[in-house]
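This report goes through one protein chain and the ligands placed with it. Please keep the sequence and the 3D view open while reading.

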Amino acid sequence: MQTFFTDEQLKVPALARSNEILRSCVHCGFCTATCPTYQVLGDELDSPRGRIYLIKEMLESGRAADERTVKHLDRCLSCLSCMTTCPSGVHYMHLIDHARAHVEATYKRPFTDRALRFVLAKVLPYPMRFRLAILLAKAGRPFARLIPDARVQAMLDMVPKQVPPVSRNDDPQSFAPVGARKMRVALMTGCAQKALNTDINDATIRLLRRLGCEVVVPKGMGCCGALTHHMGREAEAHGFAAANIRAFMAEVKGEGLDAIVINTSGCGTTVKDYGHMFRTEALAEEAKLVAGLACDISELLVRIGLPEGAAPVRAGGMRVAYHAACSLQHGQQVKSAPKDLLKRVGFEVVEPADSHLCCGSAGTYNLLQPEISRELKARKVRTLEAKGPDVIAAGNIGCMMQIGSGTGVPVVHTVELLDWATGGPVPAALG
Ligand code: SF4
Ligand code: SF4
């Protein structure tokens, strides 16, 4: 694609990077076929190619974002299915991230929009605030139901029935391995996940210890920055990321780390991109190192190796429908590891039709774009249930909450099944 940035514009690193990305697009349109929003809405401007044109026009002109551009960019899930499909290697993720930051800096959203985004940015990344918000939402639900805003209603629909007690496992500490130490790994405990489901980190710690890992929960670690990053709130996202980089580096410089393990794939995609996020900043080297150590729990388990056929005694014959989170399959290109691990320990693994399509969760997307999100959820639940599973497994808390709110089939994290199959307790959802 031809671009017309001026020499002055290309001196700005973010514009230079976007120019590089735009030039790699040959506008073939292959990506439209696998874009969930194009499938639902059928509008070229709600496809990757359409959005690329809108972004090019917005950035090249240097003008403030307009309503039409914002509408179509806001509808993008950042699912990155287009990146998997693109034959030219267009790095859509960096392009949309830059575009979102430009929108945030130059566009004045309507008041309700700004207020909603502000609340999400100030609540979701903080587990205690999030817990409090859930309790308040439960108490005020009858009154809040009167607010005629689909997004407020979507938030109420997503409020979980129960909030687990705080898990002390999420506090900064070190868990000794069972037997001889083979590895020393840091666990990223997440933010929203700590408020919504404490079983995932508990299962991860149990499993890794059993496999000979010392598991460290570093001090000073918090949200990975993804939630605010995807809203274009760059300064906040960088603040979160910088705190994490410092927390991990303290461990690297101390006793050393073999890996930084992440069990929320949405966070994993962002942490693996810290090198890019900080490429022009003082923390560039450290960010690159942290990004290089980051891995999804399934990647680490493949490296360590799981005992074969461990499940049959308790879970033999159990049919698991595996839902591939977009951030894992498209963002990190981790596709077979979770399925291979589940099969290895004895589960029967099935996959839904159109497994490349997003479930509509996508960070805060289900709260900000409830109509499209609901349609994608219905499609995903339909295709998963069609496989007649005993349980649905996913590697991302957002997908688990989204799918769980639309089906009666239990939904668990992949690591909970792997922990169970290798000596851990039955996942709570399977009761
Ligand atoms: S598939 Fe890639 S090269 Fe083709 S239009 Fe989409 S982004 Fe551009
Ligand atoms: S990230 Fe997903 S929703 Fe956005 S353009 Fe790409 S495929 Fe479409």
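## The chain as a whole

The model described here is a predicted one. Its chain holds 24 helices and 9 strands. The radius of gyration is 21 Å, close to the 22 Å that the globule rule gives for 431 residues, so the chain is as compact as a globular protein of that length. Along its principal axes, the C-alpha trace spans about 65 × 50 × 45 Å.

Of the 431 residues, 47% count as buried. Contacts can also be sorted by how far apart the partners lie in the sequence. Among those between residues at least 6 apart, 74% join residues at least 24 apart.

Which residues come nearest to ligand 1? Of the 15 residues around this ligand, they are C25, C28, C31, C86 and V90. By class, the shell has 10 nonpolar, 4 polar and 1 charged residues.

Helices α3 (48-61) and α5 (81-85) each supply at least two residues of the shell around ligand 1. The largest share, 3 residues, comes from α3.

Ligand 2 has 13 residues around it, and C35, P48, C76, C79 and C82 come nearest. The shell around ligand 2 is made up of 9 nonpolar, 3 polar and 1 charged residues. At least two residues of this shell come from each of α2 (36-41), α3 and α5. Helices α3 and α5 were also named for ligand 1, where each supplies at least two residues of the shell.

## Two residues with positive phi

Most residues other than glycine have a negative phi. S78 has a positive value, near 55°, and is not a glycine. L80 is not a glycine either, and its phi is positive at about 70°.

S78 sits in the loop between α4 (67-74) and α5. The place of L80 is also in the loop between α4 and α5. Are these residues buried or exposed? S78 is buried, because 22 other C-beta atoms lie within 10 Å and the cut-off for a buried residue is 20 or more. L80 counts as buried as well, with 24 C-beta neighbours inside 10 Å.

The largest nonpolar core has 115 residues, of which V185, I260 and V261 touch the most other members. Leaving aside neighbours within four places in sequence, I260 is in contact with A186, M188, F248, V271, V290, L293 and A294.

One of these contacts of I260, V290, is in helix α16 (residues 284-293), where E286, A287 and V290 are buried. Seen down the axis of α16, the buried residues fall within an arc of 100°, so they line one face of the helix. An α-helix has 3.6 residues a turn, so residues three or four places apart point the same way. What covers the buried residues of α16 includes the helices α13 (234-253), α14 (265-271) and α15 (274-277), together with the strands β4 (259-262) and β5 (294-296).

S327 lies in helix α19 (residues 326-331). S327 is buried, since 30 other C-beta atoms are within 10 Å. Beyond its neighbours within four places in sequence, S327 is in contact with S265, G266, G268, T269, Q332 and N396. S327 and A362 are 35 residues apart along the chain, and their C-alpha atoms are separated by 8.6 Å.

## Two partly exposed residues

A101 is found in helix α6 (residues 92-106). How many other C-beta atoms lie within 10 Å of A101? There are 18, so A101 is partly exposed. Apart from neighbours within four places in sequence, A101 is in contact with G232 and E234. A101 and E385 are 284 residues apart in sequence, and their C-alpha atoms are 38 Å apart in space.

V178 is placed in the loop between β1 (173-175) and β2 (183-188). V178 counts as partly exposed because it has 14 C-beta neighbours inside 10 Å. Neighbours within four places in sequence aside, V178 is in contact with R209 and R210. From C-alpha to C-alpha, V178 and A16 are 50 Å apart in space, and they are 162 residues apart in sequence.

How values were computed:
Residues numbered from 1 in each chain as written. Chains lettered and ligands numbered in written order. Predicted model: local features only at pLDDT ≥ 70, side-chain atom pairs only at ≥ 80, totals over all residues. Near = placed C-beta within 6 Å. Helix = DSSP H or I, 4+ residues; strand = E, 2+ residues; numbered from the N terminus. Nonpolar A, V, L, I, M, F, W, Y, C, P; charged D, E, K, R; others polar. Buried ≥ 20, exposed ≤ 12 C-beta atoms within 10 Å, placed from the backbone. Contact = placed C-beta atoms within 7 Å. Core = buried A, V, L, I, M, F, W, Y, C linked by C-beta atoms within 7 Å. Arc of directions from axis to C-beta. Rg over C-alpha atoms; globule rule 2.2 N^0.38 Å.
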